[in-house]
Amino acid sequence: MTNYGTIPTSSSPSGTTVNLEYVSRAKERIKAGLATRRPWREMFDIHSFSLPRSFRETVSRVKANLAYFSVNYAMVALVIVFLSLLWHPISLIVFIVMLVVWLFLYFLRDEPLVIFGRLITDKVVLIVLTVVTIAVLLFTNATTEILIALLVAVVVVLIHAAVRKTDNHFSDEEAAGGLLRSAGPSPSS
């Protein structure tokens, strides 16, 4: 008697369980990475915009905002590059493939990368992936579009960072530290 056409009744094979665990870990790491993203409402709060009074204030704002909104700015830059590649389907596919490669080799990796028995550091992985990504995208004949998109992204980020006031920036750690210090006894007592 053959089993052709029957539905297996056993539980999921161990390979599927491993894959589900990996996907679950990847999902958690993406959430943790995006947890440092600031709320978009805070980033685009209309009351927080004003022109800086001096060059020194401009530089100070840019530094503070780049540190505070770094994940948001990276997402804005990626969206601008993505949009610039919409008219170049091959480049867009390459961009998405390289994004997946970055996710698996750099962002979602739990253990150190070992190739041919040699430990590869994160710095080496970062440099190699950057060079490979740029080289592969340049071979897709969308060089001009990519460079223009990166230039537009830099200009957009710098303009926002320069006109966004920094007086209401504070990290969660600073807020918790400030509350904990104010709740305890003062050093002079």
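Student: Which backbone oxygen lies 2.7 Å from a polar atom of the side chain of Asn65?

Tutor: In this predicted model, that atom is the backbone oxygen of Ala161. A polar contact requires N or O atoms within 3.5 Å, and the separation here is 2.7 Å.

Student: What makes Asn65 count as buried or exposed?

Tutor: The relative accessible area of Asn65 is 0%. Buried means under 20%, so Asn65 is classed as buried.

Student: Which helix holds Asn65, and which residues does that helix meet in α7?

Tutor: Asn65 belongs to helix α3, residues 55–68. Thr58, Arg61, Val62, Asn65 and Leu66 of α3 meet Val157, Leu158, His160, Ala161, Ala162 and Val163 of α7.

Student: How is the packing of α3 and α7 described in terms of angle and axes?

Tutor: Helix α7 spans residues 143–163, and α3 packs with α7 at an angle of about 110 degrees, their axes being 7 Å apart. Because angles of 65 to 115 degrees count as roughly perpendicular, α3 is roughly perpendicular to α7. The crossing of the two helices is right-handed.

Student: Where does the UniProt record place the annotation "transmembrane region"?

Tutor: The unreviewed UniProt entry assigns "transmembrane region" to residues 66–84, 90–108, 120–140 and 146–163. In the model, residues 146–163 are 100% helix and 0% strand, with end C-alpha atoms 26 Å apart. Residues 120–140 are 81% helix and 5% strand, and their end C-alpha atoms lie 28 Å apart.

Note on methods. Residues numbered from 1 in each chain as written. Predicted model: local features only at pLDDT ≥ 70, side-chain atom pairs only at ≥ 80, totals over all residues. Heavy atoms only, no water. UniProt positions renumbered as here; feature names shortened; annotations may be inferred. Helix = DSSP H or I, 4+ residues; strand = E, 2+ residues; numbered from the N terminus. Buried < 20%, exposed > 50% of the residue type's maximum accessible area, 1.4 Å probe, protein only. Polar contact = N/O pair within 3.5 Å; in protein donor to acceptor, adjacent residues only side chain to side chain. Axes fitted to C-alpha atoms, helices over the stretch in contact; angles between N-to-C directions. Parallel < 35°, antiparallel > 145°, perpendicular 65-115°, else oblique. Left-handed = near helix turned anticlockwise from the far one by under 90°. Contact = heavy atoms within 4.5 Å.
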